[in-house]
Amino acid sequence: MKKDYLYLFVDFISKLTSKENKTYFFSGIILFLLLAPFIFSAYKVQLSFMLILILLAMTWDVQGGQMGYNTFGNILFFGVGMYLCASIQIGMFFPLAEWTESGGEKTFVHSTDQYFQGLFVGLIFAGLIPPIIAGLIGYGILGLRGHYFAICTLGLGIAAGELAGGIELIGAGQGMTTPPFPKGLGSLELRSQVFYFLCLALLVFTFITLRWLYSTRFGLVLNAIRDNEDKAEAMGIYTMRYKISGWMISAFFVGIAGGLVGNIVGYIEPIEVAFDGREMGVFMVLMTILGGKGTLWGPIIGATAFHIFKESFWSMFLGWQYVALGVLIIVIVIYFPEGIMGYLREKYPEKFGEAVDEKDRKAQVTLN
Amino acid sequence: MSILDVNNVSKSFGGVKANVDISIKVNEGEIVGLIGPNGSGKTTLFNSIVGTHPIDNGSIKFQGEEISKLTVPTIAKLGLLRTFQQTRIYGKLNCVQNLLISYKPEKENINTMFSKIPKNLNDKAEKILEFVGLYQKRNLRAGDLSFGQQKLLELAMALMNEPKMLLLDEPTAGINPTLINGIIDRLIRINKEFGITLLVIEHNMKVVMQLAQKVFCIAHGQLLAEGNPDQIKNDKRVIDAYLGAQ
């Protein structure tokens, strides 16, 4: 094996994440993320978005990567969570219809207590309702396989956008505003900090949950479904249960993320913000593929790289962003079909524990 | 005592009659062969038995219980398992994981869904891999194994599931002669030591003669003959339809 720089880097990373150094590694990352809004204080909102993108990529990977069901439908839960959270935040204290009709004019003002109570309850419901929707829809369409499932879910986000655009109560096509941050509390600075830490808490919770999930029988069954669903069924696994539960878990986190994003943006519009399948919906697929499908860290790496690439391109070469995005997609698909993690795994399989064990097991069973 | 009782099963796909009134009886602890020309309906019969598609009429009983209306996973849970002609393994998982996931928990509920895989299963998986001769490759991705090794892996997966009866669809197809002997050995040991009843589709007559105590021959979707290997070898109809006149 030629020891090039890439190998040394992979070696370094694998030592860093090994059992004895794991605690330091994770505390280092957490510490960095906790200090980040103070170090890069001009980019707080951007950093929050990065955390959200990582979360979307990680939850997309539960279906797209681990289970092999390419879904474009996760954006549905994102939008539903967003609308639900905002509606509850407002509806708990004021008439919702009048709020949306006033088009964001500040006729009603939340007190500090009301604001945080509303946000708390709103986020809870943004987490509870989308999984129920995922369960119901999943029961209907998770029987579809491969491309058929992908195409079917492609319609979900679009349909939801059109539906939301027709409901007057939530502002129809015009959209609605979320409650403004209480004035008495402080500047915009504080607002972005609060939401940054909420996003961080949610992401950490997601990471811990998924990490645990992939270590259980559930995670292994998801992989089995990806590799050969017929076989999994023939071996006595009720795959439908696993597929539906997996989607519900994703929907839970994506729903809450939607609720947070609605509040960060401050304005919810059905097609551009909530059910933005054209951008967010595609991004989550792209980020995961870039980082490496079916791995825990792939989506994180992919989303981080993608966000940095996107934002720097957006600000430096405005007008060319979609060209750049198109080129990026082509490069990913042609040169990194397995993503960054997949590429490394193919190059250095022994670093991922794939190796022939020359030693024979002390034979309990002898055959001649 | 018969473990599998297939009674007058028919299955047609549109105008194609794949199985017509087929009756097969397999006794507990036996190794039974199923032969017939290509396209004679052997795999269709397997699919009917394990519930891949509904049958048109007839009945299929496993351990005295009617299973023709049950779904694939439910039948597998009862202990009736099949392997595939084209190997089906979980290509991106390594061999040990392939086996771990094949283990059948006693109860399937939310607890077993989200619990860690028990540690002792690892040992069991390694023992079974040792049994089929894949121990050294246990950390490789299953998809990187050769076709023959994948067949062995599939056999190992079936053993991990602890079935009562195994339906094997051409276990030696596409495998070199040396390895074939190894597979025959193992199949006989599976039958003797693990007490698993085997129903084997096989084209290699030498294998069938070595393995089976009873053979069924199917041609054009109909049961042509049944009997012990010698009877089948000398049956005029079987020779005409399948073995070819000498």
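Two strands count as paired if DSSP finds at least two bridges between them, and the elements themselves are DSSP runs, with helices (H or I) of at least four residues and strands (E) of at least two, numbered from the N terminus. This is a predicted model, in which local features need pLDDT of at least 70 and side-chain atom pairs count only at pLDDT 80 or more, while totals for chains, interfaces and linings use all residues. Residues are numbered from 1 along each chain as its sequence is written, and chains are lettered from A and ligands numbered from 1 in the order in which they are written.

In chain B, strand S1 (residues 2–13) pairs with S2(B) in the antiparallel sense over 8 bridges, and Val6(B) has Ile24(B) of S2(B) opposite to it. These strands belong to an open sheet of 4 strands in chain B, whose order is S2-S1-S4-S5 and whose pairing is antiparallel. Strand S2 (16–27) and strand S5 (65–66) of chain B are at the edges with a single partner strand each, so one side of each has no neighbour in the sheet. Helix H1 (residues 42–50) of chain B packs on this sheet and touches S1, S2 and strand S4 (57–62) of chain B, and its direction makes about 65 degrees with that of S2(B). Here, two residues are in contact if their C-beta atoms, placed from the backbone, lie within 7 Å, and angles run from 0 to 180 degrees between N-to-C directions, with axes fitted as lines to C-alpha atoms, for helices over the stretch in contact.

Chain B also holds an open sheet of 6 strands with mixed pairing, in the order S6-S7-S8-S3-S9-S10. At its edges stand strand S6 (80–82) and S10 of chain B, each with a single partner strand, so one side of each is left without a neighbour in the sheet. From one strand to the next, the twist averages 15 degrees.

Strand S7 (residues 165–169) of chain B pairs with S6(B) in the parallel sense over 3 bridges, where Leu80(B) stands opposite Met165(B) and Leu81(B) stands opposite Leu166(B). S7(B) also pairs in the parallel sense with strand S8 (residues 197–201) of chain B, over 5 bridges, and there the bridge partner of Met165(B) is Thr197(B). Is S7(B) enclosed by the rest of the structure, or left open? A residue is buried if 20 or more other C-beta atoms, placed from the backbone, lie within 10 Å of its own, exposed if 12 or fewer do, and partly exposed in between. Because 5 of the 5 residues of S7(B) are buried, this strand is largely enclosed by the rest of the structure. Both of its faces are covered, with Met165(B), Leu167(B) and Asp169(B) buried on one side and Leu166(B) and Leu168(B) buried on the other.

Further along chain B, strand S9 (residues 214–219) and strand S10 (residues 222–227) run antiparallel and are joined by 5 bridges, with Leu223(B) in S10(B) as the bridge partner of Ile218(B). The hairpin of S9(B) and S10(B) has 2 residues between the strands, and His220(B) takes a positive phi near 50 degrees in it.

The contact of the two chains takes 30 residues from chain A and 39 residues from chain B.

Chain A has two assigned domains, domain 1 (59–181 + 188–275) and domain 2 (281–351), with bounds that come from an automatic or database domain assignment. The C-alpha centres of these domains of chain A lie 23 Å apart, and their contact takes 12 residues from domain 1 and 9 residues from domain 2. On the side of domain 1 of chain A that touches domain 2, H3(A) gives the largest share, 5 residues.

In helix H15 (residues 339–347) of chain A, the buried residues are Gly339(A), Met341(A), Gly342(A), Leu344(A) and Arg345(A), and the buried residues of H15(A) pack against helix H1 (5–16), helix H12 (277–291) and helix H13 (298–316) of chain A. Ile132(A), by contrast, lies in helix H6 (residues 112–141) of chain A and counts as partly exposed because it has 13 C-beta neighbours inside 10 Å.
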